Amino acid sequence: MENSIIKIENLIYEYVKQEVLDDGSTVEKVKRALNGISLDIEKGSFLAVVGQNGSGKSTLAKNINGLLLPTRGKITVKGVELADDERIWDIRQNVAMVFQNPDNQLVASIVEDDVAFGPENLGVPSEVIRQRVDDALKLVGMYEMRNKAPHLLSGGQKQRIAIAGALAMDPDIIVFDEPTAMLDPKGRKEVMAIINKLHEEGKTIILITHFMEEAVQADRVVILKKGSGILLDGSPKEVFCQSETLRDVDLTPPLAVELGDRLRARGMDIPQDITRIEELVEYLCQLK
Amino acid sequence: MSIEVKNLCHVYEAGTPSESRALEDVSFTIENGKFVGIVGHTGSGKSTLLQHLNGLLKPTSGQILIDGVDITADGTSMLDIRKKVGLVFQYPEYQLFEETIAKDVAFGPKNLGIEGEELENLVREAIEMVGLDYEDYKDKSPFEISGGQKRRVAIAGVLAMKPEILILDEPTAGLDPRAHKDVMDMIKNIHEKYHNTVIFVSHNMNDIANLSDQVLVFAKAKLLKDASPREVFAMKEWVLDKDLDLPDVTNLCEALREKGFDLSETIIDIDQAEKEIYDIFK
């Protein structure tokens, strides 16, 4: 891919655990979490990664920003190989991460201090930090709350602060690891609106999620399967119409696909590539 | 077991500057054996309500009757109430603590004075009820199993008390789609087997529509609506105005109705949607 910002080549990652046996000797237990993943991610794209627990989604995310280093294979971010010790800090600054539980990511007792934490650690000049913190808080709609204590905010608001903290690092790429899993529907919508906004502003977005209705908002969806790597890779339409394959890995196809399958089984002529409710409605109207 | 809540109010930190009203004049009745869904946003008072139902919180004013017994009255045995009303908190797996799964599940009934074979039978039944093999899992550490399994073990710990009323606060929060389905199927099986009263909090309107006989909608400390899921989701504008969602299948069928399709009003399950759409084209 010409315009690729992240290039993953045959990535294998194994967790190694030392186990002590009854006789006192130790053995190494190896668990392979990623088995040969190759992925080219285009600059400015919005990629959703879906898969069951244990399929390696979070391991993949942590490899992308160098929190974990590949057992085998190669990852390059903006042309720099992640195994390069000298450049790893540049990469971490370029690839920000937002995790599931906002309570585990907030460190300061005042919102704006929390957002400033990342760039402060990078030694960014203080006037630049001020600017970045203000910009980040405005973008996530939390500027008015800048002097509040994070623990008094709702889950959705806390997650927006965590996103502002990631933005203050001025990254090109943001990896969201199930950012809405612990939020109520309102908080979930707030966070998804911000993710879409960041995508429009040109950031490269990688969203790990269990919610199909979030994955359909991306421009590319990758489905991971435990032990065997990438199962499906394509536009949301291309991926979600494969209802059999989705069910094989215990993912529920979107309603329009499910209902389309059922009507087809009864002999109706419903195209396989209908994945959204509006499309099914429109098609049925034409059929009538 | 029936539940009757009358004019329940709860004020946190009453009389201080940080006083906040969590429940305001809430009244409803749940009949024995019903499956009840509770919906509402964070801060609407749902969790405060649940904690009243098994006596963890005392009302500021109002009454709660469980099978006619006023649990807010002086002298009511809280132990009896907690035997009858089992409460599964949000993220209950954080409360696992024992060295084996069997011991963890046994903790509740053991505290009630049950021991020996009776205790083992209860534990076995509870573990199998949540879909885990007793022999395979009883001696495992609750910390070496998957997240979805931990959640099930935590629910087994409450089931081992044989509650006549089972309350679950967002039982599928944070689970992946498969674990989500497993846990919802499991709750349905428990209800079908024991015919107990089940109350669950959920943000997932598809689950609410599929399972509940009765839905309670909360917002800002008040009970706004107490009705069947069909009645609730029939008030489309109202539901959306409250920042809640409609089930996917309702959205689809309403869109078709707007285009002139002759479908029943407020379809909330996919089987019915499939049948009615097919009938139109037959």
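Across the interface of chain A and chain B in this predicted model, eight residue pairs are in polar contact, both members of each pair having pLDDT 80 or more. On the side of chain A that touches chain B, helix H6 (185–200), helix H10 (255–265) and helix H11 (277–287) of chain A are the elements that supply two or more residues. H11(A) makes the largest contribution to this side, with six residues. By class, the residues of chain A that face chain B comprise 15 nonpolar, eight charged and three polar.

The contact between the two chains involves 26 residues of chain A and 26 residues of chain B. About 2,800 Å² is buried between chain A and chain B, and carbon and sulfur atoms account for 67% of this area.

Salt bridges were also searched for. Over all chains, the whole structure contains 41 salt bridges, and five salt bridges are counted between chain A and chain B. In one salt bridge, Arg266(A) is paired with Glu274(B), with the closest N and O atoms 2.8 Å apart. Arg266(A) is located in the loop between H10 and H11 of chain A, whereas Glu274(B) belongs to helix H12 (residues 270–281) of chain B, so this pair joins two chains. A further salt bridge is formed by the side chains of Arg262(A) and Asp271(B), with an N to O distance of 2.7 Å.

The volume of the second largest pocket is about 1,800 Å³. Its lining consists of 50 residues, and those nearest the centre of the pocket are Lys31(A), Asn53(A), Gly54(A), Ser146(B) and Gly147(B). Elements of chain A that each provide at least two lining residues are strand E1 (4–20), strand E2 (26–42), helix H1 (57–64) and strand E9 (220–225). In chain B, helix H6 (147–159) and helix H7 (177–194) likewise each provide at least two residues of this lining. H6(B) gives the most to the lining of the second largest pocket, namely six residues.

One cavity of 30 Å³ or more is present in the structure.

Key
Residues are numbered from 1 along each chain as its sequence is written. Chains are lettered from A and ligands numbered from 1 in the order in which they are written. This is a predicted model: local features need pLDDT of at least 70, side-chain atom pairs count only at pLDDT 80 or more; totals for chains, interfaces and linings use all residues. Side-chain values use heavy atoms; hydrogens and water are left out. On a 1 Å grid over the protein atoms alone, a cavity is a set of points where a 1.4 Å probe fits but cannot get out, and a pocket is an open set with protein on both sides within 12 Å along at least five of seven lines; lining residues have an atom within 4 Å of a point. Grid points are joined across faces, edges and corners, and a volume is the space filled by probe spheres set on the points. Helices (H or I, at least four residues) and strands (E, at least two) are DSSP runs, numbered from the N terminus. Contact means heavy atoms within 4.5 Å. Buried area is the accessible area (1.4 Å probe) that two parts lose on being put together, summed over both. A salt bridge is a side-chain nitrogen of Lys or Arg within 4 Å of a carboxyl oxygen of Asp or Glu. A polar contact is a pair of N or O atoms within 3.5 Å; within protein, one must be able to donate a hydrogen and the other to accept it, and residues adjacent in sequence count only if both atoms are side-chain atoms. Ala, Val, Leu, Ile, Met, Phe, Trp, Tyr, Cys and Pro count as nonpolar, Asp, Glu, Lys and Arg as charged, and the others, Gly among them, as polar.
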